[in-house]
Amino acid sequence: MVKVTGGGTRRGAVAAHFAYISRRGALEIETDEGERIGRPDEQRRLLDDWHLELSAGQYRRQVDGGPAR
């Protein structure tokens, strides 16, 4: 089991963690659901499914009654 820490909230940071952990695709990554992700293209597809860039600010409060950022 590997816990990713240190700024893994953006797509680029998580992709870098995947590359490091998998030794650039030489080792498989296993998800919490037991799916094994091996090739770099499979890792990119998993990141696309997570929508990290879309959810970055979805929980920010409204400022001075204005729209949420």
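## Two helices, side by side

In this predicted model, helix H1 (residues 11–21) packs against helix H2 (residues 40–50) at an angle of about 150 degrees, and their axes are 11 Å apart. The crossing of the two is right-handed.

So who touches whom? Which residues of H1 meet H2? On the H1 side you'll find Arg11, Val14, Ala15, Phe18 and Ala19, and on the H2 side they meet Gln43, Arg44, Leu46, Leu47, Asp48 and Trp50. Sorted by class, this contact between H1 and H2 has seven nonpolar residues, one polar and three charged.

Now for the rings. Arginine 23 holds its charged end over the ring of tyrosine 20, 5.0 Å from the ring's centre. As for aromatic pairs, with ring centres within 6.5 Å, the count is zero.

How confident is the prediction? The protein averages a pLDDT of 76, and 61% of the residues score at least 70.

| Element | Mean pLDDT |
|---|---|
| H1 (lowest) | 85 |
| E2, residues 36–37 (highest) | 92 |

Terms used
Residues numbered from 1 in each chain as written. Predicted model: local features only at pLDDT ≥ 70, side-chain atom pairs only at ≥ 80, totals over all residues. Heavy atoms only, no water. Phe/Tyr/Trp six-rings, centres within 6.5 Å; stacked < 30°, edge-to-face > 60°. Lys NZ or Arg CZ within 6 Å of the ring centre and 35° of its normal. Axes fitted to C-alpha atoms, helices over the stretch in contact; angles between N-to-C directions. Helix = DSSP H or I, 4+ residues; strand = E, 2+ residues; numbered from the N terminus. Left-handed = near helix turned anticlockwise from the far one by under 90°. Contact = heavy atoms within 4.5 Å. Nonpolar A, V, L, I, M, F, W, Y, C, P; charged D, E, K, R; others polar. pLDDT = per-residue confidence, 0-100.
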